[in-house]
Amino acid sequence: MKAILRLAAVGLLLTGSAFALTGERMPEMTLEKMTPAQRSIAEAIINGPRGRMSGPFNTWLRSPELADRLQKVGEYVRFKTSLDKRINEMAILMTAQAWGAQYEWYAHAPLAVKAGLDPQVVAAIGAGRKPEKMKDDEAIVWELTTQLRRDHGVDDAIYAKALEKFGEQGIVDLVAVNGYYDVVSMTLNVARVKAPAGAEMPFKQAGE
């Protein structure tokens, strides 16, 4: 009975608000339209720390094994990284702005503020500007992420600062945050997954 109720709850999530923000190009996948592999992955996502299907997952389910592998990487990068959530979310916002991925910004800007990132820093990132007032660790994240995306590498000076502040694991985790949310942003842009109508965005959706 519990299994039946759980499956019913998953069905409601998949056919209701969980897919309310699905993009224009790939129709939402309701439970009854999924293959067993797709359904298993969707259930794993909903029953995990995210609690729902949103963002790129409807698109990724078109390639079930890839969806499963990516969602597991994403679970680590978002919830279990060695970095403080404040700077983790900061890197995510920088990625969203760089790609013009409005849904990613919509989903993570409130999380960044909740994690302690100054709203003025959030606003500057959204406008594509270097924030004027950042904490030491935020300044390192901003510079390393900026160099990595702009120059496809980082110089010795910022590497040394990051190593001292975050250690080798922190550097690897920060690279992974950027890389994973690059994939998320690319997916959102290709599938045209947008923020809800009426949501205030600091930048235009890519491709518009």
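Let me start with Tyr181, which counts as buried because its relative accessible area is 4%, where buried means under 20% relative accessible area, exposed over 50% and partly exposed in between, with a 1.4 Å probe and protein chains only. Tyr180 is buried as well, at 6%.

Before going on, please keep in mind that this is a predicted model, in which local features need pLDDT of at least 70 and side-chain atom pairs count only at pLDDT 80 or more, while totals for chains, interfaces and linings use all residues. Residues are numbered from 1 along each chain as its sequence is written, and side-chain values use heavy atoms, with hydrogens and water left out.

Searching the whole structure gives 5 aromatic pairs, a pair being rings of Phe, Tyr and Trp (its six-membered ring) with centres within 6.5 Å, called stacked when the planes are under 30 degrees apart, edge-to-face over 60 and tilted for the rest. One of them joins Trp105 and Phe203 edge-to-face, at 5.6 Å centre to centre and 85° between the planes.

Which residues does Gln71 contact, leaving aside its neighbours within four places in sequence? They are Ala44, Ile45, Arg50, Phe57 and Trp60, contact meaning heavy atoms within 4.5 Å. Gln71 lies in helix α4, residues 64-80, helices being DSSP runs (H or I, at least four residues) and strands likewise (E, at least two), numbered from the N terminus. At 4% relative accessibility, Gln71 is buried.
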